[in-house]
Amino acid sequence: MTRTPASLVRAEPGPPYEITFDGRPLTALPGQSIAAALWAAGILSWRTTRDGGAPRGAFCAIGTCYDCLATVNGRPNRRACIVPARPGDAVTTQKGSGHDELAV
């Protein structure tokens, strides 16, 4: 028997489910944050900065730095490192403040 962290604590995770990132279907696992699900899919950046459009993703992974902001289900400025992924979540790249489309 292979020893893994999940087997050591006798964890039995539920089945994977689908979320989308910029319309692309991805698999997430129960208990994963949105950032973890994106990382698992090889996606390292899901936000661009207000000035210059530099790519950003998770940095601190504890919700302190705000580099991981994403738009989730139409709501901007969600900290992807601490927001749990839920079945059917639609995550989109956040540009700037997340409210740029509201600017007149």
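# Strand pairing, core and salt bridges in a predicted model

Visitor: Which residue is the bridge partner of V72 in β7?

Guide: V91 is the bridge partner of V72 in β7. Strands are DSSP E runs of at least two residues and helices are H or I runs of at least four, both numbered from the N terminus. This is a predicted model, in which local features need pLDDT of at least 70 and side-chain atom pairs count only at pLDDT 80 or more, while totals for chains, interfaces and linings use all residues. Residues are numbered from 1 along each chain as its sequence is written, and side-chain values use heavy atoms, with hydrogens and water left out.

Visitor: How many bridges pair β5 and β7?

Guide: β5 and β7 (residues 90–92) pair in the antiparallel sense over 2 bridges. Two strands pair if DSSP finds at least two bridges between them.

Visitor: And what is the bridge partner of V72 in β6?

Guide: That partner is R75. β5 and β6 (residues 75–79) are antiparallel, with 3 bridges. Their hairpin has 2 residues between the strands, and N73 takes a positive phi near 55 degrees there.

Visitor: Are the residues on the faces of β5 buried or exposed?

Guide: Both faces are covered: L69 and T71 on one side, and A70 and V72 on the other, are all buried. Buried means under 20% relative accessible area, exposed over 50%, and partly exposed in between, with a 1.4 Å probe and protein chains only.

Visitor: Let us turn to the core. How many residues has the largest nonpolar core?

Guide: The largest nonpolar core has 19 residues, and F21, I34, L38, W46, A80 and V91 have the most contacts inside it. A nonpolar core is a set of buried Ala, Val, Leu, Ile, Met, Phe, Trp, Tyr and Cys residues joined through side-chain atoms within 4.5 Å. At least two residues of this core come from each of β1, β2, α2 and β5. The largest share, 4 residues, comes from α2.

Visitor: What is L38 in contact with, leaving aside its neighbours within four places in sequence?

Guide: With those neighbours left aside, L38 is in contact with F21, L26, I43, W46 and V91. Contact means heavy atoms within 4.5 Å.

Visitor: Now the other sheet. What is the order of its 3 strands?

Guide: The 3 strands form an open sheet in the order β4-β3-β8, with mixed pairing. β4 (55–56) and β8 (94–95) stand at the edges with a single partner strand each, so one side of each is left without a neighbour in the sheet. β3 (residues 47–48) and β4 run antiparallel and are joined by 2 bridges. R47 stands opposite R56 in β4.

Visitor: How many salt bridges does a search of the whole structure find?

Guide: The search finds 2 salt bridges. A salt bridge is a side-chain nitrogen of Lys or Arg within 4 Å of a carboxyl oxygen of Asp or Glu. D67 forms one with R47, the closest N and O atoms being 3.2 Å apart. This pair links distant parts of the chain, 20 residues apart: D67 is in the loop between β4 and β5 (69–72), and R47 is in strand β3. D67 also forms a salt bridge with R56, the closest N and O atoms being 3.8 Å apart.

Visitor: Is R47 buried or exposed?

Guide: R47 is buried, with a relative accessible area of 11%, whereas R56 is partly exposed, at 31%.
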